[in-house]
Amino acid sequence: MSGRKFCVGGNWKLNGDQKSITEICKTLSGASLDPNTEVVIGCPAIYLMFARNLLPCSIGVAGQNAYKVAKGAFTGEISPAMLKDIGAEWVILGHSERRAIFKESDELIAEKAEHALAEGLKVIACIGETLEEREAGKTNEVVARQMCAYAKKVRDWTNVVVAYEPVWAIGTGKTATPDQAQEVHAYLRQWLTENVSKEVAASLRIQYGGSVTAANAKELAKKPDIDGFLVGGASLKPEFIEIINARQ
């Protein structure tokens, strides 16, 4: 084993209300979760405090986004300082939906990551290629470009987890095969060795995200460079527990 602690994030996206969140938190609180797996829940901003109060301390809570400054005239945005103030320890940045739907650039996402880390949050930094990019054989080029933007702004990678999410596999039911996922993860480690450092390449955790389910989690978890998952839809269901325990 690599010595990197397995890390599973549940990204609830734009889902949930007080009733369903209470149920999910109750299920997670009562479950027997692998103590060797770090668990983080990405909750809609207005329910973060609610979820934090319902979940055990062993489960981290993440904002699904944050802006690149601490405060100011930015209507509708939230800052890392605000996330910390209500008990969140993490933030998810650069998710493919932020890139594709909200047109966030590599540069903006990297600036957000830089600020969040400076404010003391841990960051799940997302990257990934679209179906067109994969079919054009550009997967490595795309993930390298996205990593390059982060690398220009991130000096200390200790509090960063990278989530590789092939956009074509998110919510589509299509999953990269364990071998396809491993191939990109191995490429990312090589990229880190050459462009950041051997130490960061060896210690940085790289999650896989993209239609992860209880059915495929165990196979994916066996791959040497896959250090966890960022789970969408399945994190709203009881099967999320099986995904957290994929290494057991």
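**View 1. Arg-4 counts as buried, at 12% relative accessibility.** Here, buried means under 20% relative accessible area, exposed over 50% and partly exposed in between, for a 1.4 Å probe and protein chains only. This is a predicted model, in which local features need pLDDT of at least 70 and side-chain atom pairs count only at pLDDT 80 or more, while totals for chains, interfaces and linings use all residues. Residues are numbered from 1 along each chain as its sequence is written, and side-chain values use heavy atoms, leaving out hydrogens and water. The partner to look for is Asp-225: its side chain meets that of Arg-4 in a salt bridge, at 3.9 Å from N to O. A salt bridge has a side-chain nitrogen of Lys or Arg within 4 Å of a carboxyl oxygen of Asp or Glu. Arg-4 sits in the segment before β1 (6-11) and Asp-225 in the loop between α10 (214-221) and β8 (228-231), so this pair ties together parts that are 221 residues apart in sequence.

View 2. Arg-189 belongs to helix α8 (residues 178-195) and Asp-225 to the loop between α10 and β8, so the two tie together parts that are 36 residues apart in sequence. Arg-189 has a relative accessible area of 9%, so it is buried.

**View 3. Asp-106 and Arg-145 form a salt bridge between their side chains, at 2.7 Å from N to O.** Asp-106 is in helix α5 (residues 106-118) and Arg-145 in helix α7 (residues 139-153), so the pair links parts that are 39 residues apart in sequence. Asp-106 is buried, with a relative accessible area of 12%, whereas Arg-145 is partly exposed, at 43%. The count of salt bridges comes to 15.

**View 4. Trp-90 is a buried residue, with a relative accessible area of 2%.** You can find Trp-90 in strand β4 (residues 90-93). Trp-90 touches residues including Glu-38, Val-40, Leu-83, Ile-124 and Arg-205, not counting residues up to four places away in sequence; a contact means heavy atoms within 4.5 Å. Val-61 is another residue that Trp-90 touches: their C-alpha atoms are 6.2 Å apart, although the two are 29 residues apart in sequence.

**View 5. Strands β6 (residues 160-164) and β7 run in the parallel sense, paired over four bridges.** Strands count as paired if DSSP finds at least two bridges between them. Val-162 stands opposite Ile-206 in β7. Within strand β7 (residues 205-208), Arg-205 and Gln-207 point one way, Ile-206 and Tyr-208 point the other way, and all are buried.
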